[in-house]
Amino acid sequence: MIVIRRENPTFPDQVVGEVIETAVTDIDAIVQRSHQAFETWSALSLADRCVALTAAADLVTPEIFDEIALLLTQEVGKPLPDSRGEAMYSVSLMRFNIDQAKKVLATHYIDDDAGKLVRTRVPFGVVLAITPWNAPIILSMLKVAPALVAGNSIIVKPSPQAPLAVTKLLNVISSGLPDGVIQVVHGGPEAGEALVTHPLVRKVAFTGGDVVARHIGVAAAQMITPTVMELGGNDAAIFLEDAVLDEAAMDRIALATFMMGGQVCMASKRIYVPRSRYHEFIAGFVAACERSVVVGDPMTDGVTVGPVVSRAAQERLENLVKDSVAAGGEVIEVGTVVDVEVVANGYFVRPRIVLNLPDDAQLVCEEQFGPLVPIQPYDSVHEVIARANATELGLAASVWSADEQQAFEVAQRIEAGFVFINTHNRTGMTPRAPFGGVKKSGFGREYGDEGLLDYTQNVSIHAPAAYRPGGSGGSANAYPGTADVVKRIANVLDDLIDNG
Ligand code: NAD
């Protein structure tokens, strides 16, 4: 039996809790159980499933939210109010999907001259969710909620770096649902691959990095199993010449950059500012960080940035700082530090901005996933759009301008799946807008109608009013309606000839 112990990144010598790694030999039984659960769960009406899911969501009491928030803060270093917010928001996603379901999953009936057509949305079967550590609860519930509403069963494999809080929440919700509808599997690549390659897993929903995405993509392709891929980003925040740089705007961009220590897929990761306003922007940004970026123990009131997730992440980020200096960047520490002793001993990385880097520096062209951000001057809108798009990633971006119309026009030229106007990251999210990447940031969508539709397939049932010609006398290539069209053209030609 292998035990996965999760250390506290704020106090690395503390173990927060442990889970038992699922033996690969147990995976088949888990998937079979999920498949059986699917058979009965999908046979319920949509209305009955929604009633059951609402009751299950109601089981998460304020006391349970408190316990989950504490666990999440201890296992990933997220400030306590953010952890509580994550847990509560994730349950609200369940209610959002329930509210949407009737409209989004409605069956469409067409009965007209062309025949009778019924179009329904059906579930896939067993859905597998593989999720990362940075927002383990939201990123699991973005898959669990739509999958279950749509009639699938689900198996969640959380990251071994954040298995505790999400398991607690899923256990509570699953206690109110039929046996096997939600199951949790613990482990790393081995467990993940055994699940992806199981023949009864009908859909894989993955959030994480591109390296793992490629492994999963290849394995899923071998099984002809469809995937949803929510991958990393290198979000450009573009300030136009007329952007408002007041305190409120500066607070928004500072938090969008450093919230959760920058370990957010849609954090602002490259900031572009007109050369004419470069110094003004930097002064405003540094001042905003003084106000709102407070590094310390994530349990301390007022702290907005805790540690990064692990020693390996801390080392990687410090190496990125060295690389930025070597590339000619000017590095400036920002924000304030409280709990100085804790910060000295935990896996903390001081938030820093880096000025005047070349565009091919690692910090500019790769996802940093930490509290370091390059601020780059530019000279023309055309140029900044080209520089923002010069990446294989395309998750999110933002455009800032006093003229909203102009901001929307620039936004439409950015290669990203989600573009915020005059904000970025969490303050700009809405569950009604589908979210996901273009280019190598992934495919498939979460949130919105599409986030629910992605867990269903269309089935068409059709009784045509007239049959396509076939067999003796008909041509296999004569498509429905073709004969009519040919006849109409012939009539027109006849008329023309008759009329001289
Ligand atoms: P990761 O890719 O290292 O791991 C993600 C998950 O995959 C974990 O559960 C891990 O155990 C599992 N896994 C690892 N190898 C596997 C294999 N061979 N087969 C099956 N499963 C395997 O990602 P991470 O470090 O946990 O998360 C950080 C990355 O996630 C960043 O790139 C970030 O941008 C991205 N992310 C994207 C979004 C989004 O919505 N687009 C949201 C959050 C995070």
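Author: In this predicted model, R119 has S460 of β22 as its bridge partner.

Reader: What makes β4 and β22 a pair?

Author: Two strands pair if DSSP finds at least two bridges between them. Strand β4, residues 115-123, and β22 share nine bridges in the antiparallel sense, and therefore they meet the criterion of at least two bridges.

Reader: Which strands belong to the open sheet, and in what order?

Author: The order is β3-β4-β22, with antiparallel pairing among the three strands. On average, neighbouring strands of this sheet are turned by 15° against each other, direction ignored.

Reader: What makes the largest cavity a cavity and not a pocket?

Author: A cavity is a set of points where a 1.4 Å probe fits but cannot get out, whereas a pocket is an open set. The structure holds three cavities of 30 Å³ or more, and the largest cavity contains about 60 Å³ of space.

Reader: How do you know which residues line the largest cavity?

Author: A lining residue has an atom within 4 Å of a point. There are 15 such residues, and N234, R270, L393, A396 and E415 lie nearest the centre of the cavity. At least two lining residues come from each of α14 (381-389), β17 (393-394) and β18 (396-400).

Reader: How many residues of this lining are nonpolar, polar and charged?

Author: The lining has eight nonpolar, four polar and three charged residues.

Note on methods: Residues numbered from 1 in each chain as written. Predicted model: local features only at pLDDT ≥ 70, side-chain atom pairs only at ≥ 80, totals over all residues. Heavy atoms only, no water. 1 Å grid on protein atoms, 1.4 Å probe; cavity = no way out; pocket = protein on both sides within 12 Å on 5 of 7 lines; lining within 4 Å. Points joined across faces, edges and corners; volume = space filled by probe spheres on them. Helix = DSSP H or I, 4+ residues; strand = E, 2+ residues; numbered from the N terminus. Nonpolar A, V, L, I, M, F, W, Y, C, P; charged D, E, K, R; others polar. Axes fitted to C-alpha atoms, helices over the stretch in contact; angles between N-to-C directions.
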